[in-house]
Every structure is written in structure tokens, then in C-alpha cells.
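Take a look at the model below. The text after it goes from single elements to the whole chain, and then to the contacts between parts.

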Amino acid sequence: MQKQVLSVTAVLLMSLMTFCFPAISLAQEIDILIKEGHVIDAKNKIDAVMDVAIANGKILRVAPGIPVNNAKKVIQADGLYVTPGLIDLHTHVFVGSNPGFADGFSSVSPDDITFKAGITTVVDAGTSGWKNFPVFKSQVIERSQTRILAFLNIAGSGMTGFPSEEDLNDMDARMTSLVIQQYPEIIVGVKIGHYRGDEWTPFDRALEAGRKAGVPLLVECHLPGLPLEEILKKLRPGDIHTHSFCVASDRTCLLDDDGRVRPYVLEARDKGVRFDVGHGGGMFHFSVAVPALKQGLLPNSFGSDLHRFSMNSGMKNMLDIMSKYLNMGMSIEDIVFRATWNSALSIKREDLGQLSEGAVADLAVLRVNKGNFGFIDAGGNRLKGDRRIDAELTIRAGRIVWDQNGISAPDWNTK
Amino acid sequence: MFLLKKFNFLTGYVPASILFLFYFLIISVTLQSQTVDILLKGGHVIDPKNKIDAQMDVAIKDGKISGVALAIPETSARKVIDVHGLYVTPGLIDMHVHAFHGTDPGAYIANGWDALPPDGFTFRAGVTTVVDAGSAGWRNFRTFKSQTIDRSQTRILAFLNIVGEGMTGRFEEQDVTDMNPVMTANMITRLYPGILVGIKSAHYWGDFTQVDRAVEAGRLADVPVMVDFGEHNPPLPIEELFMKHLRPGDIWTHTYANAPGDREVPVDENGKVKPFIFEAQKRGIIFDVGHGGGAFHWKQAIPSVKQGFIADVISSDLHIGSMNGGMKDMSNLLSKFLNMGLSLQDVILRATWKPATVIKRPDLGSLGVGSDADIAVFSLHTGNYGFLDVRGTKMKGTQKLEAELTIRAGKIVWDLNGIGAPDWNAVP
């Protein structure tokens with residue numbers, strides 16, 4: 001007991017000292033120093049071999065030649081890429097024991113998948129609505145190590161399936177905007193996903209909720225009654241269109257029959273509408289993505305559309321999607337930009353997706369493996385490739401949460 | 001294998017080539033008349049039960065293994081997957097997981113957040129069957145079944161906890177009045193004999209009472225007992241547990257844990273395996289790895305393996321506390337044992353046929369013709385790798401298994417590199 005009192009006093013004293021004398025804490029120790037990795041930090045325009053120092057869960061410094069003598073732990077990362085923790089903009093993580101997605105078994109606990117893929121932040125794509133967001137928050141968000149942000153579904157109970165998602169009475173723009181404003185740290189936007197009718201009411205209410213709360217709208221486009229051209233016209237700069245590169249029965253493809261990106265899609269892009277991948281189990285096809293990339297329609301983010309029925313399919317995790325784009329011809333720097341800083345911009349969270357001094361220490365250390373690989377799309381078709389991105393190490397708020405090969409660990413017989 | 005055995009037996013009488021041709025013809029005729037759904041061509045098959053360790057083809061039809069033989073003709077198959085250079089094994093059995101995921105506030109593993117729906121961890125590691133290690137007891141098993149087992153693609157079997165409430169929490173798990181051998185045995189024999197394969201005793205702070213009740217239930221239901229022994233202060237003697245309380249065929253899990261304050265360990269302070277451990281293994285006590293987040297230490301595992309004390313079964317103890325740590329998944333665990341010096345064949349045995357026999361499910365863990373087509377295809381990579389234990393220390397290694405393809409009941413449920421897929425620009 002006495003010991004405990006002593007240690008509590010010590011902790012108090014230490015935090016007081018840290019609080020009062022920031023100069024001391026700066027000169028003090030580095031918790032983790034990642035040496036000589038190739039740092040890609042798009043926000044800060046860094047694309048070079050550098051060291052990254054982490055202290056107290058934050059980025060302390062990014063610079064070449066940071067001395068190792070102040071570091072408690074040194075991790076050698078030569079030959080590896082050091083990037084901000086990846087952001088998966090499109091997931092379904094409101095896992096629970098009911099059937100379906102909202103509070104359901106079709107969602108996935110993010111920690112099962114994220115850290116092994118270098119992801120430190122996921123954004124839930126409207127699995128909950130204003131009515132059940134508090135359950136989502138206490139049941140999953142607060143229990144997960146992954147940072148979970150969310151788009152709030154315009155349907156008040158979120159993704160409860162057909163037909164309950166068709167209920168216009170359950171789409172309340174004001175309530176949606178009020179709950180968004182109640183949780184500004186977590187909720188980053190509104191989502192409209194599934195609606196089979198041909199009236200614009202749900203869509204307009206979602207837009208209205210977004211306007212009221214000052215957040216973007218994520219359009220998931222299972223909206224067979226609403227023409228794509230009109231949808232894109234209604235979207236504001238900064239709104240997000242997901243499932244962008246697929247062939248699906250309930251929506252218009254972004255390419256026309258001759259494989260050209262439709263002009264109104266390019267107009268929307270030029271206006272500032274953002275395009276997310278949203279791969280999922282059925283929503284990414286090379287036959288669309290490859291021509292789109294060639295014609296300059298690039299995804300702003302690599303949202304995976306993670307859920308129980310996509311996780312073992314052509315989509316394995318977001319790194320798998322990034323590897324696809326790497327083999328389709330995008331540069332690793334551009335890919336990392338879109339998976340970090342550009343994704344942060346889409347959700348207006350400029351505190352994330354970058355390695356500025358003082359930013360939360362969410363990092364990924366990635367390896368680009370060379371060999372003979374293959375990647376499958378949602379149609380079960382393969383793209384051959386010679387590179388695959390793997391996560392060696394993932395750090396969330398300064399803590400190592402994934403270490404594939406023990407690069408941060410001492411040998412068992414020398415400790 | 002029946003083919004090779006007869007082949008050897010008869011070579012004295014009939015020229016080998018004629019005999020081979022004869023069998024080949026029979027096989028090809030049979031296979032051509034019944035179209036094969038998937039043909040795995042040219043892989044190195046390791047099927048310990050059937051003593052196959054050679055390059056062979058594997059044919060799948062209607063969700064079952066329809067043939068394992070040399071040179072099965074490609075013309076008979078709807079889909080041919082070239083697996084040259086890869087290892088084809090029975091789908092792995094992970095004999096120790098916690099899969100009773102749920103949202104019960106305050107619950108630990110039974111219907112709780114610490115357990116995991118298995119599909120996110122199994123197929124990508126070549127696992128097709130998991131055995132839940134007592135997350136549920138007889139009172140809440142039905143919830144486990146409807147909520148997780150019936151909804152998962154992975155085959156989920158289970159040890160039923162001797163505690164009626166299962167692993168609701170350490171506190172509840174001490175309730176001796178909730179350890180009912182008759183109710184436990186009845187649920188196994190009368191209600192779910194196809195799913196429940198044994199009984200679990202775990203996390204008990206008292207004397208041998210819990211183990212004894214579990215063994216009593218095990219006798220009543222004729223199933224093995226798995227014991228997670230520990231948390232006694234001071235630790236109870238494991239020699240007494242192995243020699244007096246458990247029966248041959250009963251299982252001790254967390255074999256290579258190193259927490260001498262809580263549980264007696266097999267390797268003493270001088271790095272020697274205690275002699276009675278070998279006697280216990282001889283007596284038929286089954287040693288299970290149950291790696292978990294706190295139960296696998298290089299300090300125990302490496303000296304044990306060097307001195308010939310090798311766990312009978314390699315299993316993960318999958319739960320949220322192990323999934324992102326040193327454990328990761330079964331392919332990582334098998335790689336650890338490979339790099340400690342076990343042969344690939346031995347490692348595969350300990351994650352397929354061996355656990356199948358321990359849980360008395362001879363229908364699983366092999367590639368026998370007629371059995372469910374649960375199959376894993378692995379790459380064996382060479383390079384510089386590291387493997388973590390739960391203490392956060394590393395053993396370096398040069399070999400790593402990776403699951404290329406996993407098939408569950410004839411369906412492809414994992415294809416890492418699209419070896420089972422056509423090229424996108426070759427499809428009309």
C-alpha cells in the first residue's frame with residue numbers, strides 16, 4: 001500500500017514537472033527512434049531517408065542523423081518506408097451480435113485487420129445512424145485500439161438492411177446534424193448508402209444534414225433510382241463518392257460503354273468531388289480501375305469497405321488495394337500520399353495523416369517486397385504484379401501495436 | 001497412399017511399370033467419368049495420416065476429396081490450379097481459440113469483447129477448423145452456437161467449460177457450485193456431439209476440485225479434458241496433475257508459458273526439462289502450445305525442443321490479447337517451430353492429424369478420399385525473419401510459411417495471389 005502511495009506521488013510529481021518544464025522534457029529522452037527509413041510525409045513534403053523520433057506518444061522530430069544516445073529504443077529501418085499511419089476511409093466496424101451490419105456480425109472489429117496492414121485510423125462508413133451511434137461508441141469505438149472515426153448514416157438506425165433502411169421517417173436531417181455536432185471528435189461526415197426509391201428526399205436530407213453540421217457527404221451509391229449525373233451535380237466540393245471503380249447492377253459505371261470516363265464525372269472531379277475506392281467484396285474491377293487510372297481519374301483515398309464478406313476476398317486489407325495501384329503504375333510516394341494526408345483532407349482531419357512535430361505518433365513502417373504476385377478484383381480476376389506492400393511495424397500513439405519480424409525487439413537470449 | 005502400399009507389396013510379383021499403368025488407368029477412368037471441380041496440380045502433398053509426402057495432384061468434387069494421386073488428367077477438371085513449388089496439406093486445425101465474440105457488458109471471453117469471430121484469422125493462415133477452448137459452458141453454449149458457430153465459414157468445434165457460465169470472468173469462474181459434470185456431459189453426448197469435443201478446466205484459484213470435476217464429466221461423456229492450469233498461489237505440482245488427476249489423452253495447454261510464480265513450468269531454472277514431463281508425455285498426456293498473449297516464452301520453448309520435449313499440438317489461443325502480438329496466426333506459429341528445427345512434415349502433423357486424433361475426429365485433418373475438402377496450400381519462403389514471444393523477445397529465423405490458398409468444403413475461401421483466378425484482361 002505504502003509503495004502504491006509512493007508511486008502515485010512520483011507519477012504526479014513527474015507529470016507536474018513535465019507540465020511545468022517542457023524544455024526539460026524536450027532535452028529528455030526519445031521513447032522510440034526509427035533510424036534511416038525512407039520517410040514519406042506528403043504534408044511536410046518529405047520524401048527522403050530520415051530519422052523519426054517519438055516521445056510521449058507524439059512525433060518529436062523528423063530529421064537526418066538524430067543521435068541514438070537519447071533514445072530508449074532504436075529501430076533500424078533502412079530499406080523500409082516510414083509513413084504516417086494509414087487511414088482507411090471506408091470500413092464497417094460496428095460489430096455486434098445481431099445479424100447484418102449495424103451492431104451486427106457482418107461488421108468487423110477493426111483491430112483484427114488494421115495494425116497488420118499499417119492502418120491506425122479507420123472511418124466507419126455509416127454503419128450507425130444518430131439513434132445507435134452511442135451504442136457504437138461504447139461498444140466498439142471506446143474499446144478499440146484503432147482510432148475509429150465515423151460517417152453518420154442519414155438513416156437513423158444505420159445499416160439495418162432492407163427494407164428498414166427505406167424508411168423516410170427515419171431520415172432526420174436535424175437529428176443527424178445535432179448528433180454530428182455532439183461528437184465532433186469522432187463523426188466526420190454524413191453518409192447515404194442504400195435507398196431503392198426514385199425520389200430525392202433521402203439524398204437531399206443527407207445533404208442538408210451535412211450542410212447544417214458543416215461536414216462532407218459520403219455517397220455509397222446503392223441508389224438505383226437516382227441518376228449518377230444528377231448525384232454528382234448535387235454534390236458539393238469536398239463531398240465524397242465511393243465504390244468508384246466498379247461494375248455493379250444497381251448503379252451507373254463511371255466509364256461509358258467505350259471505356260471512357262464519362263465527362264460529367266471529370267467535371268465533378270474538377271469541381272472538387274473526391275473519389276474513394278471502397279473496394280469491398282464486389283466494388284472494384286480492374287476493367288474500370290485500369291482505364292480510369294490511364295485517363296487520369298485517380299482515387300483520393302483507398303477505402304477498403306472492410307466487412308465480414310470482403311475481408312477474405314479480392315480485398316484483403318487496404319495495403320492490398322495500395323499494392324494493386326502500385327502494380328497498376330502509381331508511384332509509392334503518390335500511393336502513400338493518398339492513403340495518409342489526402343485521406344485526412346477528405347475527412348477534414350488535418351491533425352492526422354502526417355508526421356509534423358507534435359502530431360500524434362501514428363506511423364507505419366512498410367516494406368515493398370519484390371517477386372511474382374497476383375491481385376484479385378471483385379470479379380475474381382487477377383492482375384499480375386511484381387511488388388507487394390507489407391507492414392513491418394505499426395505504431396499507434398507512440399505504442400508499437402504490430403511488429404511482423406520483431407525489428408523492435410531484442411534477441412531472446414541476450415535480454 | 002493405398003496405391004503406394006500395394007505397389008510396394010506387389011512389386012515382387014508384377015513389373016512395377018505395368019502395375020502403375022493399371023492403377024493409373026483405373027484412377028483416370030474414375031476421374032474422367034466424374035468431373036472434378038478443382039484440381040490442385042503438381043504440389044508437394046503432406047498428409048501425415050495417409051503417410052504421403054510427395055508431389056501429387058489433389059482432386060476435389062462436390063466439396064469432398066475425390067482423389068490424391070500422381071498425374072490426374074487436367075481434362076477432367078473444371079478448374080485447374082497450378083501449385084508447383086507449393087505445399088498442399090490438410091486444412092489446419094487450431095485446437096485452442098476463443099471465438100465466443102459478443103457484446104455482453106462486463107463479460108470477458110464468454111459472449112465478450114476479448115473473443116474473436118474466427119474467419120478473420122483462419123483462412124488467411126491456412127486454418128479451416130478451430131476448436132474453441134471452453135469460452136462457453138453448458139448454460140451459454142446455445143448462444144455461442146447461434147451467434148458465432150452457425151454464422152462462421154470456419155468449422156468451429158468446442159471444448160465445453162466445466163463452469164456452466166463459461167469464461168464470463170475470473171470471478172465467476174471460481175464458483176464450484178456452477179461446475180456440474182452431469183449437465184456438462186449431457187450437453188455433449190445428448191445435444192451437440194458433433195460440435196462438442198471435450199471439456200475445459202481453466203483459471204481456477206483453488207485446489208484440484210475443478211480439474212477433478214472436469215475429468216468426471218470427461219469420463220461421463222468419453223471426451224478429453226483440456227486444462228489451463230495456473231493461477232494457484234503457490235503453484236500446485238503439475239507432476240501430481242499429470243500422474244494422478246488427468247487421464248491419458250487429456251490435454252495440458254500453455255505448454256511453454258513461463259510464469260513460475262503462477263504455474264509450475266516444464267523447464268527448470270537450469271534450463272533442463274524436468275524428467276517427469278517426459279514420463280507424462282509417455283503416459284499419454286497431450287501437450288498443447290496455446291500460445292496466446294502470455295503463454296509462449298522462448299526460454300521454455302527453445303530448451304524444450306532441443307531436449308526433445310515437443311508439444312503434441314501447435315495451437316494459437318487466439319483472442320484479442322494475442323492476435324497482434326507474438327502469436328499473430330497459425331502460419332506464424334508453425335514457422336516458429338520450423339525455425340526451432342522441426343521438419344515441415346512434423347509441424348504439419350502437429351496442426352492437422354494430431355489434433356484431429358486428440359479431439360477424436362478422425363474425419364478431419366487428412367486428405368483421405370471422401371473426406372471434406374478442407375485444404376491449405378502454403379509457400380515456404382526463405383529470407384531473414386524474426387519471431388516474437390509474449391515477452392517481446394525475438395528468435396531469428398530463415399523460413400516462413402505463408403498461406404497461398406485455402407479451401408473449405410471445396411470452396412476457395414482465401415487466394416493470396418490469385419493462383420485460382422484468370423487474368424483480368426484475358427476475360428471477355
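This is a predicted model: local features need pLDDT of at least 70, side-chain atom pairs count only at pLDDT 80 or more; totals for chains, interfaces and linings use all residues.

A residue counts as buried if 20 or more other C-beta atoms lie within 10 Å of its own, as exposed if 12 or fewer do, and as partly exposed in between, with C-beta atoms placed from the backbone. Helices (H or I, at least four residues) and strands (E, at least two) are DSSP runs, numbered from the N terminus.

Residues are numbered from 1 along each chain as its sequence is written, while chains are lettered from A and ligands numbered from 1 in the order in which they are written.

Stay with β3(B). Strand β2 (residues 52–61) of chain B runs antiparallel to β3(B), and 5 bridges join them. Two strands pair if DSSP finds at least two bridges between them. B:Lys61 has B:Lys64 in β3(B) as its bridge partner. The hairpin of β2(B) and β3(B) has 2 residues between the strands, and B:Asp62 there takes a positive phi near 55°.

Next comes the sheet. Chain B holds an open sheet of 7 strands with parallel pairing, in the order β6-β7-β8-β9-β10-β11-β12. At its edges stand β6 (92–97) and β12 (286–287) of chain B; each has a single partner strand, so one side of each is left without a neighbour in the sheet. Within the sheet, β9 (residues 196–202) and β10 (residues 225–228) of chain B pair in the parallel sense over 4 bridges. B:Ser201 stands opposite B:Val227 in β10(B). Helix α6 (residues 209–221) of chain B lies across β9 and β10, and runs at about 170° to β9(B). Here axes are lines fitted to C-alpha atoms, for helices over the stretch in contact, and angles run from 0 to 180 degrees between N-to-C directions.

Now step back to the chain. Chain B has 12 helices and 15 strands. Of its 428 residues, 57% count as buried. The C-alpha atoms fill a box of roughly 65 × 50 × 45 Å along the principal axes. Two residues are in contact if their C-beta atoms, placed from the backbone, lie within 7 Å. Among contacts in chain B with a separation of 6 or more, 76% are between residues 24 or more positions apart.

How is chain B divided into domains? Domain 1 covers 2–89 and domain 2 covers 90–358, with bounds that come from an automatic or database domain assignment. Their contact takes 7 residues from domain 1 and 7 residues from domain 2 of chain B. On the domain 1 side, β1 (36–47) and β5 (87–90) of chain B are the elements that give two or more residues.

Last, the partner chain. The contact takes 36 residues from chain B and 37 residues from chain A. On the chain B side, the elements that give two or more residues are α3 (119–122), α9 (298–306), β13 (375–388), β14 (394–408) and β15 (411–415). The largest share, 4 residues, comes from β13(B).

How far does the predictor trust this? The complex has an ipTM of 0.92 and a pTM of 0.92. Over residues 1–16 of chain B the pLDDT is below 50.

Methods
pLDDT is the predictor's confidence in each residue, from 0 to 100.
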